[in-house]
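Visitor: Could you take me on a close look at one part of this structure? I am new to this, so please go step by step.

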Amino acid sequence: MMSEEDGLGQYRKVQLLRAPKSAETATPEQKYWRKFKNVTLTTGYSPVYDIDFCPSAPYDFAVTNSTRVQIYGARGKTVKKTVTRFKDVVYSCSFRHDGRLMVASGEESDVKVLDMNSRDL
């Protein structure tokens, strides 16, 4: 049996050594990259085939994947609208110059024109 008299039950406190702080200032490149925020990840059900940005305010962007087109808000990066009126895979989408209309097409034989201010096709 061990006892405290053997010295095995005693310990010494260890002091942690810390590296000294660097006096260097950030380089312009480091300042540039620090301006960016964390990446936002979303889960998708299939690969993304196309991303298109609206050329007018509020600068939303559309993402095509599977049989749908999802419209994301530029600021919050949340899904604002989902268009699921496609029977087959959607490969491409594009906003009109004023951002009021968007066209989308894919495996189907027709091109669909979407009104961004309503639910009309």
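**A close look at the charged pairs and a loop**

Guide: Let's start with a pair of charged residues in this predicted model. E108 and K112 form a salt bridge, and their closest N and O atoms are 3.5 Å apart. Side chains of opposite charge can pair in this way when their charged atoms come close. K112 counts as buried, because its relative accessibility is 12% and the buried class covers values under 20%.

The count of salt bridges comes to three, so let's visit the others too. R96 pairs with D98, with 2.7 Å between the closest N and O atoms. R96 is partly exposed, at a relative accessible area of 36%, and D98 is also partly exposed, at 26%.

Now for the pair that leads us to the loop. D60 forms a salt bridge with K80, the closest N and O atoms being 2.8 Å apart. D60 sits in the loop between strand 1 (48-53) and strand 2 (61-65), while K80 belongs to strand 4 (residues 79-83), so this pair ties together parts that are 20 residues apart in sequence. With 12% relative accessibility, D60 counts as buried.

Stay in that loop for a moment, and look at the backbone. Most residues other than glycine have a negative phi, and most peptide bonds are trans. Against that background, the peptide bond from A57 to P58 is cis, with omega near 10 degrees. P58 lies in the loop between strand 1 and strand 2, and Y59 is placed in the loop between strand 1 and strand 2 as well. Y59 is not a glycine, although its phi is positive, at about 60 degrees.

You will find S66 in the loop between strand 2 and strand 3 (68-72), and S66 counts as partly exposed at 24% relative accessibility.

How values were computed:
Residues are numbered from 1 along each chain as its sequence is written. This is a predicted model: local features need pLDDT of at least 70, side-chain atom pairs count only at pLDDT 80 or more; totals for chains, interfaces and linings use all residues. Side-chain values use heavy atoms; hydrogens and water are left out. A salt bridge is a side-chain nitrogen of Lys or Arg within 4 Å of a carboxyl oxygen of Asp or Glu. Helices (H or I, at least four residues) and strands (E, at least two) are DSSP runs, numbered from the N terminus. Buried means under 20% relative accessible area, exposed over 50%, partly exposed in between (1.4 Å probe, protein chains only).
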